[in-house]
Amino acid sequence: MTMLDRAQCAALDAKDPLAFARARFDVPEGLVYLDGNSLGALPRATADHLSAVVRNQWGQDLITGWNKHGWVDLPRRLGAKIARLTGADQDEVVVCDSTSLNVFKLLSAALALQPGRRVILSDTGNFPTDLYMAQGLADLLGRDHRLELVTPEAVAGRIGPDVAVVMLTEIDYRTGRRHDMAAINRLAKAAGVLTLWDLAHSAGALPVDLNGTGADFAIGCGYKYLNGGPGAPAFLFVAKRWLNETRQPLFGWFGHAAPFAFETAYQPKAGIDRFLVGTPPVLSMAALECGLATFDDIDLIEIRRKSLALGDLMIRLVAQECAGAGLTLASPTDGGQRGSQVSYAHDCGYAVMQALIARGVIGDFRAPNLMRFGFTPLYVRYQDIWEAVAILKAVLAGAEWRRPEFSQRAAVT
Ligand SMILES: Cc1ncc(COP(=O)(O)O)c(C=O)c1O
Ligand SMILES: Nc1c(O)cccc1C(=O)C[C@H](N)C(=O)O
C-alpha cells in the first residue's frame, strides 16, 4: 500500500463536500477534537440564540413566553427534526428527559405489552446506564422479570419465545461495533419480541431507518453527535402502531390529556405526547435546537461517507505511523460494521490519552484499556486525523505519558 502524507490529507479536505459545515461550529483553534461522540462541539449560533432566549424571551416576555415563543411545543418541534435523522415520522419522536429516564419509560411500556414474557435481552457491551435502568425496573416489577446479557454475537441466536424485549445500543460505545438493526428487528418480529434501540452513538452520525427496519422503540442522546451541549435533553421514538396502545408509568402532567384542566385523575394524552413527564427545560432545548440546525440541508449519506473515510484514514495512518508501538485496533476494520469512532487498546491507554490531550488532541479513554477517537464529519477534517496520528506517534515514542500526573484518574473520564 502506498504511504500517505499530510498533503494527501489536505487534498481530501479540499474536495470534501461537507467542508463548508465546519464554519457552523466554534472549534478552538489548534485543537484536534475527536470526542464529539461524547460531547459535540459548540455550534456557532448557540451562544447568541441562548442569549436572545434568555434576554428577550424569558427576560421580556416572562410567563407569556410559553405561548408566545412556542416553548410548550419544543419537545415536538425538536422531535420532528430528530425524526428526519432517524427514519421516523414526525409524530413518533419527542425530546424530553435524559436517555436513562427514557430507557425506563420505554422499557416499561414495552414490557406491559408482553404479558407472560419475562426476559429483557441485552448484550454485555451495552452502555451501563441502560443495563442499570433495566435491572432497577425488573426489581420494581418483581414478577420474575430479569435482564439477561449475552455477547453481542449471541443476541440473534437468543431471541425466542420467553424474551419480551431486546434492548441494544446500535453502536457499541467502546469499540464502535455496529449491530445489524434490520436483521435484529426482523428476527425479533418473527418471534413476537419487541425491540428497544439506544441511538446515542447513531443519531447524527449515520443514517438510521427506524421505520424502514421495523423498530418498535428507540431512545438517544442530545449532547453527542446532535451537538445540543452538556446534559442536553434526550429523545425517544415510539412506532406509530404502539403509540396509543402503550402507556409509560411516569404519569406527569405534561403527558396528561388536559394538563391545564388540573384534574385529579391521570388520563394520558393521545400519541407521542403521553411519553412526556414534566416541564421542558427551555434553555437546554434552545441549545439543542441550534445543535439540530447544524444538520439543516445536510444529507446523512454524505455524513456517513465522510465518517467512514475519516475512520479508514485513521486506521491506515496508525498502521503506517505507529506500528510496533503497543496499539491494538479494537474496532471493526470493515466500515459497514462500524459506527463513527475508532478505538485502540493500549496497556497504558489512560496515560497515553492524557498526554495526547495535553498536546491538543482530544479523544477519551474507556476502561479497561481503550483509547477512543470519535469522528464528527460536520467539523472534523482529514488533516485533523493526520495531526492526531502524528502526535500519537510522537507521544508513544517519547516518555512524557509516563509522567505521574497522566496516570491520575479524573472524576470524569
Ligand atoms: C449508549 C449510551 N446510552 C446512554 C448514555 C447516557 O445516558 P444519560 O444521558 O442519561 O446520562 C450514554 C452516554 O453517556 C451512552 O453512550
Ligand atoms: N454523558 C457523559 C457525562 O455526563 C460525562 C462524561 C461523559 C459522558 C458520556 O456521554 C460518555 C459516553 N456516553 C460514552 O460513550 O462513554
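Predicted model: local features only at pLDDT ≥ 70, side-chain atom pairs only at ≥ 80, totals over all residues.
Which residue is the bridge partner of Ser122 in β4? It is Leu149.

The protein has 13 helices and 13 strands. Its radius of gyration is 22 Å, close to the 22 Å given by the globule rule for 413 residues, so the protein is as compact as a globular protein of that length. Along the principal axes, the C-alpha atoms fill a box of roughly 65 × 55 × 40 Å. Of the 413 residues, 46% count as buried. Among contacts between residues at least 6 apart in sequence, 72% join residues at least 24 apart.

Strand β3 covers residues 119-123, and five of its five residues are buried, so the strand is largely enclosed by the rest of the structure. In a regular strand the side chains alternate between the two faces of the sheet. In β3, Val119, Leu121 and Asp123 point one way, while Ile120 and Ser122 point the other way. Both sets are buried.

Thr124 is found in the loop between β3 and α6. How many other C-beta atoms lie within 10 Å of Thr124? There are 11, and Thr124 is therefore exposed, since the cut-off for that class is 12 or fewer. Leaving aside neighbours within four places in sequence, Thr124 is in contact with Leu149 and Thr151. Gly271 lies 147 residues from Thr124 along the chain, and the C-alpha atoms of the two are separated by 33 Å.

The annotations come next. An unreviewed UniProt entry marks as "binding site" the residues Thr99, Ser100, Phe127, Pro128, Thr129, Asp130, Thr169, Asp198, His201, Tyr223, Trp253 and Thr279. These positions span 181 residues in sequence, and the farthest two C-alpha atoms are 30.5 Å apart, so they do not all gather at one spot.

Two of the annotated residues can be set side by side. Tyr223 lies in the loop between β7 (217-220) and β8 (235-238) and counts as buried because it has 24 C-beta neighbours inside 10 Å. Beyond four places in sequence, Tyr223 touches Leu39, Gly40, Gly228, Gly229, Pro230, Gly231 and Ala232. Thr279 lies in the loop between α9 (240-243) and α10 (282-293); with 13 C-beta neighbours inside 10 Å, Thr279 counts as partly exposed.

The unreviewed UniProt entry also carries the annotation "modified residue: N6-(pyridoxal phosphate)lysine", which covers Lys224. Is Lys224 buried or exposed? Lys224 is buried, with 28 other C-beta atoms within 10 Å. Lys224 lies in the loop between β7 and β8, where Tyr223 is found. Not counting residues up to four places away in sequence, Lys224 touches Gly36, Asn37, Ser38, Leu39, Gly40, Ala200 and His201. Leu39 and Gly40 are also among the contacts of Tyr223, and His201 is one of the residues annotated as "binding site".

Terms used. Residues numbered from 1 in each chain as written. Chains lettered and ligands numbered in written order. UniProt positions renumbered as here; feature names shortened; annotations may be inferred. Helix = DSSP H or I, 4+ residues; strand = E, 2+ residues; numbered from the N terminus. Buried ≥ 20, exposed ≤ 12 C-beta atoms within 10 Å, placed from the backbone. Contact = placed C-beta atoms within 7 Å. Pairing = 2+ DSSP bridges. Rg over C-alpha atoms; globule rule 2.2 N^0.38 Å.
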